[in-house]
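Please open the model in your viewer and keep the selection tool at hand.

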Amino acid sequence: MSWHVDPAVMERYARQEVGPADAASIEAHLVDCGACRARLHVDPARLDRLWAGVADVVDEPSRNPVEALLRQLGVRDRTARLVAATPALHMPWLVAMAVTVALAVVAATAGDRGFLFFLVLAPVLPIAGVAAAYGPRVDPMYELTVAAPMPAFELLLLRSTAVLTSTVLLVGVAAIPLAGEGWLMAAWLLPALGLTMATLALSTVMSPIHAGVGLASTWAAVAFLNVRGLAGGDATGDLASRVLAFSPAGQALFLTIAVIGTFVVIQRRETLEIRSNT
Amino acid sequence: MEGEPSDRVLLGAIADADRSALQTLYERHAPWLVLRLSRRCSDPDLVDQAVQDTFVAVWRKPGSYKGSGEVGAWIWGIGIRRLIDQLRRRPALAATPELEGIVVSAEDQVLAGVEHGDLASALNALSPELRAVVQATILDGLTIREAGRLLGIPSGTVKTRMARARVQLREALA
């Protein structure tokens, strides 16, 4: 390009001292003239500050879909990141869970025993998710979360809610093919809620992992013994509805456990605070 | 240009997540963008935010540059729209320094006459309101609606002012 803006005019342009026509002309020229652009003077401190802001965003690790969704829902940035970092919300975990649920549903369509297997397995999934939601062994962000300006209790609650919601949704959707079983197809919901709350309550006295593993195996063992006892007797009626846990009395029991568990968790939330700091 | 990579080459590198390419592009284009946006908005904070948003947008979507026209013009298109986004969030602050009436020095008048001929004096002779509309639509390449947002006036007003400016320019250039 042969024509260039006079340096003195350029100087006045930078100070906003030229008229509109000149400014328009200079601006049109600057769009494709690198030489003139390079002669513009803007406070270097301002440019450095702006670049630092751009670099912050550029260097920020990419958000995972969970975090993006939470932000869409209006959750604060920091909270969204802490919740999104929940191990049980990560892809490998979700995929593993989806496969497990899919297998269980396939088994469930195969007959009574398969259906029982599904009902017993379903409540274990949220326990596993909640147990792994918070703790030094499983959480890659544990050191960060302990130092995070948010009560450990609040975080555990937030993450548990996120895990419970995602698990229940996943299992619920997967169970649609079992709709023929009537209300029994939803009989796992209350045990899932009760056992999850019990896990949280026990987490105030022991690590969430131990609490989760303990409760899940107790649940599985009791269910197994119960089913074996039933199979020995006369096989009349629906097998699943005769298992204690899925009978009306059993359902009421798990609802009670859920209520008590919630109460204990609220009462003992400070304990969690102290435990997470040691 | 002295063997330095062209803007297009830089955009290609940015598409491959080359951070230093973005920095080079920023060093080349941020100064004029800051100055040009400052002429459209008197609040430096909004200008700063718009400039940052612009380069973040360049980083995220370098592919939206279609390869036609200057990279500078493309960056300007993003920048002015980011500024409008900022103004929309804080509409009370919409104000163009242009409207405050910058005094044009005699020297500038002469310069304009020499370099741009009659068009420049015709443009300068427009009232600040009409000139702002001409600048936003014709020179900055905004739509009627975007110009209205930038200037803080309804679209209908942008249209009537453009029509008036057209008549006035036609008379001045006749």
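**Chain A as a whole**

Select chain A: among its contacts between residues at least 6 apart in sequence, 72% join residues at least 24 apart. Two residues are in contact if their C-beta atoms, placed from the backbone, lie within 7 Å. Residues are numbered from 1 along each chain as its sequence is written, while chains are lettered from A and ligands numbered from 1 in the order in which they are written. This is a predicted model, in which local features need pLDDT of at least 70, side-chain atom pairs count only at pLDDT 80 or more, and totals for chains, interfaces and linings use all residues.

Chain A contains 16 helices and zero strands. Helices (H or I, at least four residues) and strands (E, at least two) are DSSP runs, numbered from the N terminus. Of the 278 residues in chain A, 37% are buried. A residue is buried if 20 or more other C-beta atoms lie within 10 Å of its own, exposed if 12 or fewer, and partly exposed in between, with C-beta atoms placed from the backbone.

Colour the chain by pLDDT, the predictor's confidence in each residue, from 0 to 100. The average for chain A is 77, and 79% of the residues score at least 70. Within chain A, confidence is highest in α4(A), at 88, and lowest in helix α16 (residues 269-276), at a mean of 61.

**The side of chain A that touches chain B**

Display both chains together. How many residues of chain A are in contact with chain B? There are 26, and they meet 38 residues of chain B. Now select α1 (7-14), α2 (20-32), α3 (34-38) and α4 (44-59) of chain A, the elements that give two or more residues to this side. The largest share, ten residues, comes from α2(A). By class, this side of chain A has 17 nonpolar, five polar and four charged residues. Here Ala, Val, Leu, Ile, Met, Phe, Trp, Tyr, Cys and Pro count as nonpolar, Asp, Glu, Lys and Arg as charged, and the others, Gly among them, as polar.

Next, select Asp32(A), which is found in helix α2 of chain A. Leaving aside neighbours within four places in sequence, Asp32(A) is in contact with Glu70(B) and Gly72(B). Is Asp32(A) buried or partly exposed? Asp32(A) counts as partly exposed because it has 15 C-beta neighbours inside 10 Å.

**Two loops with a positive phi**

Most residues other than glycine have a negative phi. Select Gln16(A), in the loop between α1 and α2 of chain A. Gln16(A) has a positive phi of about 60° although it is not a glycine. With 14 C-beta neighbours inside 10 Å, Gln16(A) counts as partly exposed.

Then move to Ala17(B), in the loop between α1 (7-15) and α2 (19-38) of chain B. The phi of Ala17(B) is near 60°, a positive value in a residue other than glycine. Ala17(B) is exposed, because 11 other C-beta atoms lie within 10 Å.

**Chain B and its helices**

Select chain B, which has eight helices and zero strands. Buried residues make up 41% of its 174 residues.

Show helix α3 (residues 44-60) and helix α4 (residues 71-89) of chain B, which pack at an angle of about 130° with their axes 8 Å apart. Axes are lines fitted to C-alpha atoms, for helices over the stretch in contact, and angles run from 0 to 180 degrees between N-to-C directions. α3(B) and α4(B) are therefore oblique to each other; angles under 35 degrees count as roughly parallel, over 145 as roughly antiparallel, 65 to 115 as roughly perpendicular and the rest as oblique. Residues making this contact include Leu46(B) and Val47(B) of α3(B) and Ile75(B) and Ile78(B) of α4(B). The residues of the contact divide into ten nonpolar, four polar and two charged.

Continue to helix α6 (residues 128-139) of chain B, where the buried residues include Leu130(B), Arg131(B) and Val133(B). Just after α6(B), Gly141(B) takes a positive phi of about 75°.

**Where to read with caution**

The mean pLDDT of chain B is 80, and 82% of its residues reach 70 or more. Select residues 93-105 of chain B, over which pLDDT stays under 50. Over residues 107-116 of chain B, the pLDDT is likewise below 50. Where pLDDT is low, the predicted coordinates should not be read in detail.
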